[in-house]
Amino acid sequence: MLNFEFCSPTKFVFGRGTQQQAGRLVREAGGTRALVVYGGGSVVRSGLLAQVLASLDEAGVAHVELGGVRPNPRSGLVYEGIRLCRENQLDFLLAVGGGSSIDTAKAIADGVPYDGDFWDFYCGKAKLTRALPHGCVLTIPAAGSEGSNSSVITHEDGDLKRGLSSELHRPRFAIMNPELTFTLPRYQLACGITDMMAHIMERYFTNTPDVALTDRMAEALLLSIIEAAPRAMADSTDYESHATLMWAGMLAHNNSVGVGREQDWASHHIGHELSARYDCAHGASLAVIFPAWMKYTYTHDVARFVRFATVVWGVERDGRSDEEVALAGIAAMEAFFTSLGMPHTLADVGGKEEDIPALTAKVVNGKTGHFVELLPPQIEDVLHIAAKG
Ligand code: NZQ
Ligand code: ZN
């Protein structure tokens, strides 16, 4: 196990009715004037926004609203939010929604106390040292931003989708009521399930030896998600399966299962280029790239892929070679994504094979991955596999 520091300071308030505590929690975190950030309207239609605003009023927290965050959130709304915070002297960001709203709130929090362009932090020009405090009311189990140290924003100028990790990005609190996810379209739920599984697998495929504890935690999370997913997909009011997915999505990405081990992240980096170019959902990009990445890299450590196949997917050996078992595990994962209605090939997310060189050229620093380091020719190979499916 490698040395590590781990601080997950977020207060998680989980369960039915917890959105009523938003005002109290903002107060507890020192907020008096909040910018409430939300998406394209689901929280207006469900009545959640009205409940949250009522809770803020009750706690005496003044508020300004900023709606209209799109999936794959853009820089334009971040600039707008920074302006609103400065004009109204706001001291707290409250996101009501999914990863896109939470990440927009985090980026606004970064930009308000900074004299320059908030994008400086995302493109590596400046180091983040201060940010406004923020919290969230989560409505989709997916990105894990409610517990993570990351924010991912797409700059409109050049369609650059970039992530920024900083401990200042950990929310002060996250309200997690599984009932709030009952209104999710099935496709969005499936995208979220794919994303949380990807967060675990980015950590599971590692070169670090002797990480049995986090290996087993990762496997337990994957098994629990694989069990809960079809139940939640089949019944949008089944509390227990939605609750399992909501907590698993957080654990998948607050780094509980990633500490002390080298992590990969190539599939995310390549997937971000698909979302930036074709505006496909993040989970959809991962359903296309992760299996392709696995088919390209499994020979690097066949034993790890055999373990993945047998422990996570229940693949029987049936006298087959290690390589055949490893490939059967990848096939089982692909079948699972297909059963959720996820896309499979590059074309399924609007991609074209002739775009592969341009997609590759945009991957940050021209290389990615740690389990197997991928340089541009290898990134192209992965994308060609994704094109075939
Ligand atoms: O915008 P509204 O109308 O709210 O609709 C949203 C949106 O269309 C809808 N939705 C969410 N909750 C709902 C609901 N519809 C009905 N009922 C509900 N309860 O779902 C759609 C997707 O929402 P979004 O916030 O985009 O989803 P998600 O949580 O998957 O976030 C995706 C973004 O997070 C980034 C992704 O790259 C992507 O930009 N990520 C953030 C990470 C982080 N900060 O740690 C890590 C991830 O790897 C990821 O990169
Ligand atoms: Zn992700």
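Mentor: Let us begin with exposure: a residue is buried under 20% relative accessible area, exposed over 50%, and partly exposed in between (1.4 Å probe, protein chains only). The model is a predicted one, in which local features need pLDDT of at least 70 and side-chain atom pairs count only at pLDDT 80 or more, while totals for chains, interfaces and linings use all residues. Residues are numbered from 1 along each chain as its sequence is written, chains are lettered from A and ligands numbered from 1 in the order in which they are written, and side-chain values use heavy atoms, with hydrogens and water left out.

Trainee: Why is R317 called partly exposed?

Mentor: R317 has a relative accessible area of 37%, which lies between 20% and 50%, so the term partly exposed applies. D322, at 41%, is partly exposed too.

Trainee: What makes the contact of D322 and R317 a salt bridge?

Mentor: A salt bridge requires a side-chain nitrogen of Lys or Arg within 4 Å of a carboxyl oxygen of Asp or Glu. The N to O distance for D322 and R317 is 2.4 Å, so the pair meets the definition. Salt bridges that share partners also join D215, E219, R261, R304 and R307 into one network.

Trainee: How do you know that E273 and R162 are buried?

Mentor: The relative accessible area of E273 is 3% and that of R162 is 12%; both values are under 20%, so both residues count as buried. These two residues form a salt bridge, with the closest N and O atoms 3.4 Å apart. The pair links distant parts of the chain, 111 residues apart: E273 is in helix α10 and R162 in strand β7 (residues 160–165). Helices (H or I, at least four residues) and strands (E, at least two) are DSSP runs, numbered from the N terminus.
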